[in-house]
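Please keep the structure open beside you.

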Amino acid sequence: MRILRYKVKGQNIIRDNTCDFSNIVRGTNNYIKLIFEWDEDWRYKAKVISLRNVEGIETNFAFRENVLLPEVVTEGSMFSFVLYGKDAVEKIQTNREYVEQV
């Protein structure tokens, strides 16, 4: 399994510098896992990820800890995602993160 780690600080997705983001091979199914480390702004919020493949097709779903990427997302040369968080009072959205694949 290939794991891509990110830190989420407020509205920013930051690649974990201890993680290797090179040579990610396209066309896998449930092999690439995104793992997030959240700051205080995200505590107690319901989380949704919006994944977009190279053709612009979006796949959205709620999650708790980490995300396994389906083939519809990983079939092209790149994919991207945005995170949304919401509680009773506040809604937050991140920047879009792009991941290139070979």
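The paragraphs below go from ring pairs to the nonpolar core and then to strand pairing.

This is a predicted model, in which local features need pLDDT of at least 70, side-chain atom pairs count only at pLDDT 80 or more, and totals for chains, interfaces and linings use all residues. Residues are numbered from 1 along each chain as its sequence is written, and side-chain values use heavy atoms, with hydrogens and water left out.

A pair of aromatic rings is described by the distance of the centres and the angle of the planes. Here, rings of Phe, Tyr and Trp (its six-membered ring) pair if their centres lie within 6.5 Å; planes under 30 degrees apart count as stacked, over 60 as edge-to-face and the rest as tilted. By this rule there are eight aromatic pairs. One of them joins Y6 and F81, edge-to-face, with 5.3 Å between centres and 80 degrees between planes. This pair links distant parts of the chain, since Y6 is in strand β1 (residues 2-9) and F81 in strand β7 (residues 78-86), 75 residues apart. Strands (E, at least two residues) are DSSP runs, numbered from the N terminus. Y6 is buried, with a relative accessible area of 1%, and F81 is buried at 0%; buried means under 20% relative accessible area (1.4 Å probe, protein chains only).

Ring pairs link Y6, F21, F36, W38, W42, F63 and F81 into a cluster.

The largest nonpolar core has 22 residues, of which L4, Y6, L34, F36, I49, F81 and L83 touch the most other members. Such a core is a set of buried Ala, Val, Leu, Ile, Met, Phe, Trp, Tyr and Cys residues joined through side-chain atoms within 4.5 Å. The elements giving two or more residues to this core are β1, β3, β4 (46-53) and β7.

Finally, follow β7 through its neighbours, where two strands pair if DSSP finds at least two bridges between them. Eight bridges join β7 to β4, antiparallel, and K47 has G85 as its bridge partner. Strand β9 (residues 97-100) pairs with β7 over four bridges, also antiparallel, and there M78 partners E100. Three bridges join β7 to strand β8 (residues 91-93), with G85 opposite I92.

Conventions:
Buried < 20%, exposed > 50% of the residue type's maximum accessible area, 1.4 Å probe, protein only.
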